[in-house]
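Morning, everyone. One model today, and I'll keep it short. Take a look at the sequence and the fold first.

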Amino acid sequence: MPRGGIVVAWSRDAWSVLRIDCRQFSVTINLQSSESSGLAWSLAAVYGPVLDALKPNFLAELRLVQENSTGVLLICGDFNLIYQAADNNKDRLNLASMRHFRRSLDAMGIEELYVHGRLYTWSNGRRLPTMERIDRAFAIVQWLEEFADHRCGRYPRTP
């Protein structure tokens with residue numbers, strides 16, 4: 001039974017939507033600022049496949065998202081891929097998959113945004129759990145420059 005999904009929300013007072021593209025693993029929203037500067041940029045929210053056989057299709061889709069983006073690009077979500085060994089608390093790593101993921105990101109010329117608040121974002125919930133960091137955010141350098149005051153992190157819990 002498939003699980004997961006993507007939800008994207010924005011403030012209509014701050015942003016106008018130019019285009020929405022829904023693909024197999026992503027939803028991309030092309031936005032333009034309501035302010036006088038009229039900054040245009042793209043937000044791609046992703047939900048990567050769990051099945052290894054579909055991961056190459058997912059990485060190809062990321063490149064397509066980048067090619068079709070308007071202005072600067074931010075990609076975030078559940079990638080279901082390990083980026084580096086520190087993203088897993090166990091020794092079992094698929095090094096070939098990690099290399100393919102890193103090569104794809106390097107080819108796109110995107111940088112990871114540091115996400116504050118959690119080392120791992122997924123656990124299998126067992127007594128001796130496997131924990132992984134599969135939720136990430138990446139942006140092209142121009143996005144990082146345009147939004148230099150960005151901060152990624154979890155909202156604090158309310159009592």
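Let's start with Trp41. Leaving out residues up to four places away in sequence, Trp41 touches Trp15, Ile29, Asn30, Leu31, Thr70, Gly71, Val72, Leu74, Trp143 and Phe147. Keep in mind that this is a predicted model.

As background, nonpolar side chains in soluble globular proteins tend to be buried together.

Next, the start of the fold. Strand β1 covers residues 15-22 and pairs with β2. The sense is antiparallel, over 7 bridges. The two strands form a hairpin, with 3 residues between β1 and β2. Within that pairing, Val17 stands opposite Leu31 in β2. Leu31 is also one of the residues that Trp41 touches.

Now the whole chain. How many helices and strands are there? We have 3 helices and 10 strands. Along the sequence, the order is β-β-β-α-β-α-β-β-β-β-β-α-β.

Some totals to finish. The chain has 159 residues, and 37% of them count as buried. Take contacts between residues at least 6 apart in sequence: 59% of these join residues at least 24 apart. The accessible surface is about 10,100 Å². Carbon and sulfur atoms account for 51% of that surface.

That's the tour. Over to you.

Key. Residues are numbered from 1 along each chain as its sequence is written. This is a predicted model: local features need pLDDT of at least 70, side-chain atom pairs count only at pLDDT 80 or more; totals for chains, interfaces and linings use all residues. Side-chain values use heavy atoms; hydrogens and water are left out. Contact means heavy atoms within 4.5 Å. Two strands pair if DSSP finds at least two bridges between them. Helices (H or I, at least four residues) and strands (E, at least two) are DSSP runs, numbered from the N terminus. Buried means under 20% relative accessible area, exposed over 50%, partly exposed in between (1.4 Å probe, protein chains only). Accessible areas come from the Shrake-Rupley method with a 1.4 Å probe; for residues, only the protein chains shown count as cover.
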